Amino acid sequence: GARKRTATYVEFQKQLYKNQRIRRLKNFSATRWTYHDRSLEVIQITYKSIILTLKKIGLEETDKKNKSLANSFLKQLNSFKFVLTMHMMRNIFSITTPLSNYLQNPAIDFVQAIHLIKVTRQQIQDLRAMKTESVYENLFTETKLFCEAQDLEEHDLAEVRTSRKKKMSGEISSDERITSANYRYVCEVYRCSLDVILSKLDDRFSGS
């Protein structure tokens, strides 16, 4: 059951991270960004123990549903795209979490709060604009190093072959092209995620 799976996760932590405190996976909150940050922090710090736990469940679990879920989660967590997105979100939360924490302070200074809101929005906007190529390159390099340290098979985004126009049944796809995986990721994930953050900031603090 759940207790056994948790015990397995804890045991792998003890084996892998000696002399470090045991961490627990946290539930996501639909509204608090700080909780998202804490959840991702635990996943990143105990990543190897999560992978080993999922592998063990996939091999030993007798319940077909739990076994299938474990294998599905394992596939997702082992992907370069997941790790890249995890690092991207940690970078975003490193900007938004200080603001979130300050706004929850009962002794809040409203002038300082308005200043922090403006600074946070500008920092997110700068990330989205990618004023220097190093912004995304650093994120990508950081992810590759993490994957290598964790002995993951994927060290890059998979290239996706797309078609420029629809093909008739049986027609040879001579017009196919390779779309840069990095370009697709930047457009479909990186910038979209930052757009959502900017939209949330604007919705919540439009009068600031």
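## Aspartate 202 and the end of helix H8

The side chains of aspartate 202 and arginine 121 form a polar contact of 2.8 Å. This contact belongs to a predicted model, and aspartate 202 sits in helix H8. With a relative accessible area of 32%, aspartate 202 is partly exposed, because that value falls between the limits of 20% and 50%. Aspartate 202 also has a C-alpha separation of 9.7 Å from isoleucine 117, a residue 85 positions away along the chain.

## Overall architecture

The chain contains eight helices and two strands. Their order along the sequence is α-α-α-α-α-α-α-β-β-α. Of the 208 residues, 35% count as buried.

Among contacts in the chain with a separation of 6 or more, 64% involve residues 24 or more positions apart.

## Helix H8

Helix H8 covers residues 181-204, a run of 24 residues. From its first C-alpha to its last the helix reaches 33 Å, which is close to the 34 Å expected at 1.5 Å a residue. A bend of about 30° occurs in H8 at cysteine 187.

The buried residues of H8 are Ala181, Tyr185, Val186, Val189, Tyr190, Ser193, Leu194, Ile197, Leu198 and Leu201. An α-helix has 3.6 residues a turn, so residues three or four places apart point the same way.

The C-alpha atoms of lysine 81 and histidine 155 are 9.5 Å apart, although 74 residues separate the two along the chain.

Histidine 87, also in H5, is buried because its relative accessibility is 2%, which is under the 20% limit. The side chain of histidine 87 makes a polar contact of 3.4 Å with the side chain of glutamine 44, and it reaches the backbone oxygen of valine 83 at 2.9 Å. With residues up to four places away left out, the contacts of histidine 87 are Gln44, Leu139, Glu142, Thr143 and Phe146.

## Cysteines

A search of the whole structure finds zero disulfides. Cysteine 192 is accordingly in no disulfide, and the nearest cysteine sulfur, that of cysteine 187, is 8.1 Å away.

Cysteine 147 has 0% relative accessibility and so counts as buried, whereas cysteine 192, at 38%, counts as partly exposed.

## Backbone angles in two loops

Most residues other than glycine have a negative phi. Asparagine 19 has a positive phi of about 70° although it is not a glycine. Asparagine 19 is placed in the loop between helix H1 (2-16) and helix H2 (33-45). Its relative accessibility of 84% is over 50%, so asparagine 19 counts as exposed.

Aspartate 151 likewise has a positive phi, near 60°, in a residue other than glycine. The loop that holds aspartate 151 lies between helix H7 (134-149) and strand S1 (160-163). Aspartate 151 is exposed, with a relative accessible area of 62%.

Technical notes. Residues are numbered from 1 along each chain as its sequence is written. This is a predicted model: local features need pLDDT of at least 70, side-chain atom pairs count only at pLDDT 80 or more; totals for chains, interfaces and linings use all residues. Side-chain values use heavy atoms; hydrogens and water are left out. A disulfide is a pair of cysteine sulfur atoms within 2.5 Å. Buried means under 20% relative accessible area, exposed over 50%, partly exposed in between (1.4 Å probe, protein chains only). Helices (H or I, at least four residues) and strands (E, at least two) are DSSP runs, numbered from the N terminus. The expected span of a helix is 1.5 Å times one less than its number of residues. The bend at a residue is the angle between axes fitted to the seven residues ending there and the seven starting there. A polar contact is a pair of N or O atoms within 3.5 Å; within protein, one must be able to donate a hydrogen and the other to accept it, and residues adjacent in sequence count only if both atoms are side-chain atoms. Contact means heavy atoms within 4.5 Å.
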